[in-house]
Structures are given as structure tokens and as C-alpha cells.
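Morning, everyone. I'll walk you through a few of its contacts.

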Amino acid sequence: MRWKFALLVFLQVILLVGIIGYRQYWVEANERILLESVPVDPRDIFRGDYVTLSYDISNIDLDTLGITEKFERNDIIYAILKKTDAGTYKMDSVSKAKPAEGKFIKGRVTYAYDKASRKKITIRQGNGSIRVFEQPWVSYKVGDNVLLCLGADGSVITSREAKENTKCPDGEEEITGIVQDIQEIIFRRINAEYGIEHYFVEEGKGRVIETARNARDLKIEVALRKDGKGLITALYLGGKRFE
Amino acid sequence: MSAGNTDSAFYKKLKKEVERWQTEGIIVSGQKERILERYKRAEEIEEKAGSNKLITTISVLGAILVGVGFILFIASNWSEIPRAGKLGIIFGAMLVSYILGFYLRYERKNYPKIGVSLILLGTIIFGAGIFLIAQIYNITVHYPNGSLMWGLAILPLAYLLRFQSVLTLALLVLCIWLGMELTFHIADDYSYIKMVVVFFMSGVMLWWVGYAHKGLASLRNISAPYILLGIIITFGSAFILTFNVNIEKFGSLNLIPFYFPIIVLFVVAAIVYAATGEKEKGWQIELTVLALMLSGFFVLAVFYPDTAAYKEQSFNRIIFNIIYAAGIIGIIYLGYLNKNPAYINIGLLFFVLDVIARYFDFFWKLLPRSLFFIGGGLILLAGSVILERKRRVVLQSFEAKEEIL
């Protein structure tokens, strides 16, 4: 009895150590790549014990990519990655078939929308120039005077009616103007997850990460296996590494 | 077994038995007193220090509280503890509670109940360890695996030590795993009725796996968690199906990897039970009905998942309600037949739930709110009086029958 009990407890210890070993082997034996991440809610990403991360491979516009393949919830997918000039990886394409070569990350479809919609808005700025932006949804109508806050890549992060004292946070470009036109674009979209959506934050470190967040330079280091499975190894925020 | 370790329930039974032995002339009067004297200490201890059951309940609750506190401690002191420290705490706490528990239960034997609870605490810390390690290393790959590993790894311990508490924990954890894993196999969003059907089938399977344990003498004392959990899951799932849920599909081909193992386990359990010696009364009917329900749901789920989909208030709902009501009568009858109060109590519980649910279904729109609540309250009060009286009569008749036999 005593030895059988000891054996079973020992096996439990081995299992726990095994999880750690499995992770260490994964990290050591595979190449690590950097993915640019978008915080899910840019106003409040560090709530709770973990950060929810989103990537360009998380919400995929199939029509823009010219993909006709049909996707359903829980389908296994492979997001094919290509290296950018900055050294990070971005999505090139997505497929249900496993690619023969190249860098790709394996994931699962969480939602498939046949009729997702986004808005195309035309704005005339004070100096008379016309600019066009896209947003998932809008809270204003044609003729309103609006304020748009743009991220580093030129995409709209937030938008609201322009009033006195309304300003964008530091580091975001401000655009104000009168809305000329709002068009709805219907497209096919899938949401996917790859097992790299949660980064657990240690309570003390959360604040440091939060203050550095405004740099809007969030990169995630992922140990990527040959079969496409990825695991987060570190988080870079404004050039600072968090492990 | 030493005389000091027997519990008072045994002593009470023995008292009755010895009485009978004496009237039948198996023993003479002096022997009766000597036999009882030998076991009397257990009752004395209980009178002075509270019952065994009370101690078990308190120490199990203690184990659960310490386990929860342990998880919260690590979670809230996350930043102050370095990685190695966190791992040290997890492994240290787990090993200490296992070893101390084993020592108190089997080596020193002076605090057996506390020993059991400490070993249970060890299994809780082990499970917490899996999730904490996953957090420390940011491992979020297919998270249901954590629960699966926890459940499967503590199951052998439950068998080795024959602990009902550890077995109950293992089964609950595996049920949670089943729920999490199922969401990965259902293609259309959130169609939870498919999950309920799988749970119903699992409940029936667990129920009979419990019977198979009961049939085997060496496993008899860990059959209860299977049977009780099985019955509760079966009736709980069936209860959900009595509502107007027929707008959804019953199953999908994607779930065959779940249906088949459940059916195989059920069949194996049925064969094992049929082949073993002592049987419950009415087991053939019980087995037949459960086998029919299981195969019925399997056929519905795989071949006719659309039977009732997208038809409101369909015929199926009435059928489900009739089957559910018949099931309640059946389980209460079985409880009566086998003198098993647990069956009767579970049956009555689900009966009350049914009455409340149907009352809401039919009268919520028809009656003014005030009348609705007054009426409902009166029904419950009257119902509880009748149920309590009926329950007492039934339980008393068990005792009376024992006397006659």
C-alpha cells in the first residue's frame, strides 16, 4: 500500500514536471518569431490577471484576401505568415490545408460570418481635403463633425463627435472633419484562435506594461513548431521585454 | 479491524442483529453482552465527541477551503514570488499534504478522518498545480486538457485508497472536462442541447458503471459516487429537455467520438453487473429502460438530429415530459423496492423542480403576478407537507420491514 501510494503520487509529480519539460523543450527546439499584436480593447487591456491579445490573423477578411474556401466554427486552419521589413511576421493567406513549407501557425475557427459588415466613411477635413477610412461600425451620421484617432498604421482606433476638449491619447494621429458619406460593405469574415491569445500578467508588472502601452508597439514572441503550433515565450512593449 | 475503529452505525446494526441471534438461540445471553461490550466504545466516543459523519464533513470542508485559499494565495501574490518559488510552493504543499495524510491515516492511524481529508487536499493542490504551471509558463494550448489530466491522474488514487471523496472530485472534474471539450466539437455556435444530450448519455453510463462497481465485492464501497452522480446528471439533463428546447438539433456526427465510448462503457458495465452475484431488486427493468433511453438518444442524435428542430411547442416536448415524469416515478419506486433513501430523495427533488417549472410554464402569462406568486407559494407549502409526510412513511416502512425480516 505504502509503495503503491508513493508511486501514484510520484506519477503526479512527474506529470507536473512533464508539463514544464514539454514547454521547455518546445521553446528550446523551435524557432521563435515575432508577431505584431493589437490589444483587443485599446483603452483597457490590462484588466485582470491576463491580457487578451489579438493579431492580424485573429480576424480575417476572406473577401479582401480573395479566399473562396468555406469555413465553419471549429475548423482547423493554417495562417500562412510572411516576414515584414521590420522583422516581424504578418499574415499572407489562410487555408484549411496544411502548407507543405514556409512559416505558418495552426489555429481554430471560433466564428464564421457570411455577412459581416464594416463601414466606409468619407470625411472632408477643414482644409478641404477628402479622406476615406474604414471602421467596423460608426456612432455618427452624415453631416456630423467627427474626431478620429489613428494608430501608427493609419487605421481608426476610436472615433467620436468632435467637441471642445476632446483629444486623442498621446501617440495617436488626430483627424477632424465633416462626414460626407457612410457606406456599408458586406464581406465574409472568420475569427480564429491559435492558443496565443492570453498573456498572464504578474500583478506588479501589469502597471509597468500599462504605462508603456501608449507606445502602441506591442510584439509577441512565439515559439513556433514545424507543425504550426505556437506558444508565447515573451511580450515586447515599446522595446521592453517581459517574460 | 480493531474494535475502537468501528463507527456507531455499525454498532446500532450489530445491536439489532445480536438481539436476533439471541432469540434464535445462536448465542446465549452472556455472549450478547460480551459482543456488544467489545464495540461499545465507538458509540461512547460518538456521544461525547460528535459523530463520525460530522468529523468527516468538517474535515472535508476544511480541505476544500485550504485548497481554495492556496490557489488564491498564489494568484494574489503573483509578483512577489519568483518562478522557482511558485513551483516550490506547489510541489511542497502537494507533497506535504499527501505524506502527512497518508501518515495519519495508515501509519499512525490516530487521525484517520483528517488523513483522508489531507489526501483529498493533495489532489486539489495537484489540480491547482496544473493550472498554475500553465499560467506561469503561458501555456494556453487546448485548455480542456488541464481538467482531463487532473481527473485521470487522481482516479487511480481513488481506487487504490477506496476514497469516495477523491473519486467524487475526479468524476466532477472529468464532467467539467467533458463540458469544455464538447464546445470544441460543436460546429454551429452555442447549440447547448447537443451538449445536454451527451451529458444525459454520460449520466446513464456513470449510473450503470456504479452498479458494476456494486456488483464487484472489492469495489462495492466506491460505487456510490458513480451511482449518485450518474442519477443526478441523468435527471438534471432530462429536466432541461422538458423545457421548450426543441428548436435545436439533438446531436451531430461530429460528436460520435463521444457517443461511442459512452455506449461501450455502458455495455461493459451492464455485462459486468449481469455476471456478478448479488443483484438489486428490479435491476432487469432498470437496465432495460436505461439501455432503451441510451440507444434512443443515440439514434435521435446521429440519424434524426432534426426531428424537432425549428418547430416550437412540438409533440416531442410532450413526449419528453411524459418520459421524465415516468422516470421520477421509476426512481422513487426503485428506492422503495431496494430500501434506498437516496433514490427517493433524488426522485422527490426532481419532482419538486418539475412542479415549479411547469407551474411557471403554464401560469406565468395566465394569472396576474400577485395571484401567480400566492398560488405558487401555496402549492409549494402544501407540496412540502405532503412530501415530508410521505417520505417519513416510506423511511419508517424500511425500518419496520427490517424488523419483520
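The term means a side-chain nitrogen of Lys or Arg within 4 Å of a carboxyl oxygen of Asp or Glu. Side chains of opposite charge can pair when their charged atoms come close. Take R188(A) and D63(A): their side chains form a salt bridge at 3.9 Å, N to O. R188(A) sits in strand β10 (residues 173-193) of chain A and D63(A) in helix α2 (residues 62-65) of chain A, so the pair ties together parts that are 125 residues apart in sequence. Helices (H or I, at least four residues) and strands (E, at least two) are DSSP runs, numbered from the N terminus.

A quick word on the source. This is a predicted model: local features need pLDDT of at least 70, side-chain atom pairs count only at pLDDT 80 or more, and totals for chains, interfaces and linings use all residues. Residues are numbered from 1 along each chain as its sequence is written, chains are lettered from A and ligands numbered from 1 in the order in which they are written, and side-chain values use heavy atoms, with hydrogens and water left out.

Now the interface. How many residues of chain A are in contact with chain B? It's 35 residues of chain A, against 42 residues of chain B. Contact means heavy atoms within 4.5 Å. Across this interface the rule finds one salt bridge. Its partners are E107(B) and R2(A), 2.8 Å apart, N to O. On the side of chain A that touches chain B, α1(A) gives the largest share, 15 residues.

Last stop, chain B. Helix α7 (residues 164-182) of chain B packs with helix α9 (residues 224-241) of chain B at an angle of about 35°, axes 9 Å apart. Axes are lines fitted to C-alpha atoms, for helices over the stretch in contact, and angles run from 0 to 180 degrees between N-to-C directions. Which residues meet there? From α7(B), they include L167(B), L171(B) and C175(B); from α9(B), they include Y226(B), L229(B) and I233(B).
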